[in-house]
Amino acid sequence: TRTQVGIIGAGPAGLVLAHLLRQRGIDCVVLERQSRSYVEARIRAGVLEHGTVDLLTSLGLADRLHRERMVHHGIELLFERSAHRIPLTELAGHEISIYGQHEVVKDLIAAWDGPLHFSVSSVALSSLDSAPVVSYVDSSGVPQVLRCDVIAGCDGFHGVSRASIPPSVLRVYQRDYPHAWLGILAQAPPSSEELIYAHSSRGFALHSMRSPTVTRMYLQVRPDEDLSLWPDERIWSELRARLDRSESTWSLADGPILERSVAAMRSFVVSPMRYGRLFLAGDAAHIVPPTGAKGLNLAVADVKVLADALSSFYATGDSAGLDAYSSTCLQRVWRVQHFSWWMTSMLHPTGDDPFDLALQLAQLRYVTSSRAAATSLAENYVGFPFP
Ligand code: FAD
Ligand code: DHB
């Protein structure tokens with residue numbers, strides 16, 4: 001078969017791109033390694049920038065999002081057992097929306113009636129500098145060949161797309177952190193109206209939510225942490241200890257833990273985000289540590305740039321947008337990299353260095369007492385306008 005754009009991966013990047021291309025009259029085929037039920041159940045991010053919500057709304061994909069999301073106008077920073085609110089909307093002019101990434105993925109799949117092949121295997125890309133070809137084995141075990149004008153590599157950090165580019169042409173920027181996040185989803189009502197980012201002597205904790213009956217929480221742990229050492233009781237008592245505050249009576253509601261996992265924390269960028277007719281988008285090109293809640297939003301911003309560039313390419317033959325794709329995206333990528341690194345560095349005690357700890361507390365006091373500093377945090381957190 002033949003298509004204009006071959007999309008590898010049906011995560012947020014691949015699915016939003018498919019819908020954007022459809023809106024612009026461009027054909028595409030989406031190939032996904034996992035099954036539909038797997039991608040629809042994969043629990044990941046939960047904070048949507050207003051730009052992401054607006055884009056989904058303009059595509060007509062946000063009816064359920066608007067009904068079910070939780071709109072938040074601020075976040076709390078908790079340190080030295082004392083809570084400080086950052087009024088996001090007041091300072092930066094935009095709210096954030098709490099709505100699970102897998103709910104976005106479900107909505108995008110349900111609204112898609114074009115070609116989308118799940119459970120494909122042995123995906124391989126070739127002829128990337130002339131006439132790209134994707135070969136794969138379909139869910140029935142039959143080998144297939146897809147010829148495309150362009151390939152969009154939306155297959156995440158461990159995908160095949162970035163790995164298909166000769167390493168000598170890519171520059172890699174990377175930072176690993178000495179911590180990871182243990183995440184849980186629990187059948188328990190949120191114990192706060194807003195998200196709580198907590199710095200404590202025992203480590204970082206985050207109280208988030210998905211609905212009035214489901215909470216999502218994270219604990220800073222070691223990168224090699226063994227989940228079997230974390231029975232439910234230990235998770236709850238550690239969350240209670242890290243989220244505790246001295247100025248009021250506050251208690252954490254608990255309940256059955258529905259899902260748990262440990263995620264490594266990493267900063268990663270490749271440049272350029274293009275090789276010949278292969279364009280990388282989302283986690284395939286960059287990873288941010290989750291503290292800024294940016295991964296999904298950045299993936300959506302990339303594919304907006306790509307869809308606009310492809311649209312003018314097909315309309316007029318002008319490749320200027322495609323030629324600028326990587327540099328356009330990387331400007332936002334590096335702003336978000338800095339913010340995510342900064343939030344991570346400010347909120348995760350490393351334990352042994354009193355100098356680092358004093359800097360963290362100085363910075364936390366500053367962002368919660370200076371309107372200028374709080375506004376900087378807020379405008380980054382709610383997200384800059386989409387390209
Ligand atoms: P993905 O969502 O990874 O989608 C890529 C898709 O490609 C997947 O469906 C994958 O199955 C498919 N694929 C892979 N290889 C192939 C192949 N060879 N052929 C075909 N398909 C393939 N961000 C936050 O802001 N907050 C969080 O709490 C948070 N938690 C996270 C937890 C985990 C475990 C992970 C991995 C990420 C988390 N993120 C979080 C980051 C955020 O979820 C990602 O930035 C976002 O999913 C990026 O979207 P994407 O479409 O680029 O990539
Ligand atoms: C969530 C995840 C994040 O990484 C974050 O910074 C805030 C909230 C969440 O899953 O709800």
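Reader: At what angle do helix α8 and helix α9 pack, and how far apart are their axes?

Author: In this predicted model, helix α8 (residues 295–316) and helix α9 (residues 320–347) pack at an angle of about 165°, and their axes are 9 Å apart.

Reader: Why are α8 and α9 called roughly antiparallel?

Author: The angle between the two helices is about 165°, and angles over 145 degrees count as roughly antiparallel, so α8 and α9 are roughly antiparallel to each other. Their crossing is right-handed. On the α8 side the contact is made by Leu298, Ala301, Asp302, Val305, Leu306, Asp308, Ala309, Ser312 and Phe313, and on the α9 side by Gly321, Leu322, Tyr325, Thr328, Cys329, Arg332, Val333 and Val336.

Reader: What makes up the contact of α8 with α9 by residue class?

Author: There are 11 nonpolar, 3 polar and 3 charged residues in this contact. Gly321 is one of the residues of α9 that take part, and Gly counts as polar in this division.

Reader: How do you know whether α1 is roughly parallel or antiparallel to α8?

Author: Helices α1 and α8 pack at an angle of about 30°, with 9 Å between their axes. Because angles under 35 degrees count as roughly parallel, α1 is roughly parallel to α8. The crossing of these two helices is right-handed.

Reader: Which residues bring α1 and α8 together, and what is their class?

Author: From α1 come Pro12, Ala13, Val16, Leu17, Leu20 and Leu21, which meet Leu296, Ala299, Val300, Asp302, Val303, Lys304, Leu306, Ala307 and Leu310 in α8. By class this contact has 13 nonpolar and 2 charged residues, with no polar ones. Asp302 and Leu306 are among the residues of α8 that meet α1, and both are also among those that make the contact with α9.

Reader: What is the handedness of the crossing of α1 and α6, and which residues meet there?

Author: Helix α1 (residues 12–23) and helix α6 (residues 101–110) pack at an angle of about 35°, with their axes 10 Å apart, and α1 passes α6 in a left-handed crossing. Pro12, Leu15, Val16 and His19 in α1 meet Gln101, Val104, Val105, Leu108 and Ile109 in α6. The contact has 7 nonpolar, 2 polar and no charged residues.

Reader: What makes up the surroundings of ligand 1, and which elements supply them?

Author: Ligand 1 is surrounded by 31 residues, of which the closest are Gly9, Gly11, Gly156, Gly282 and Gly295. At least two residues of the shell are supplied by each of α1, β16 (257–271) and α8. The shell divides into 15 nonpolar, 10 polar and 6 charged residues.

Reader: Which residues lie around ligand 2, and how do they divide by class?

Author: Around ligand 2 are Ala45, Gly46, Val47, Leu195, Leu206, Ser208, Arg216, Pro290, Thr291 and Ala293. The shell has 6 nonpolar, 3 polar and 1 charged residues; Gly46 is one of the residues in it.

Reader: What makes the backbone at Pro272 and at Ser127 worth a note?

Author: The peptide bond from Ser271 to Pro272 is cis, with omega near -5°, and Pro272 is placed in the loop between β16 and β17 (274–275). Ser127, although not a glycine, has a positive phi of about 50°, and Ser127 lies in the loop between β9 (121–126) and β10 (133–137).

Reader: Where does UniProt place the feature "domain: FAD-binding"?

Author: The unreviewed UniProt entry places that feature at residues 2–339. In the model this span is 30% helix and 33% strand, and its end C-alpha atoms lie 41 Å apart.

Key. Residues numbered from 1 in each chain as written. Chains lettered and ligands numbered in written order. Predicted model: local features only at pLDDT ≥ 70, side-chain atom pairs only at ≥ 80, totals over all residues. Axes fitted to C-alpha atoms, helices over the stretch in contact; angles between N-to-C directions. Helix = DSSP H or I, 4+ residues; strand = E, 2+ residues; numbered from the N terminus. Left-handed = near helix turned anticlockwise from the far one by under 90°. Contact = placed C-beta atoms within 7 Å. UniProt positions renumbered as here; feature names shortened; annotations may be inferred. Near = placed C-beta within 6 Å. Parallel < 35°, antiparallel > 145°, perpendicular 65-115°, else oblique.
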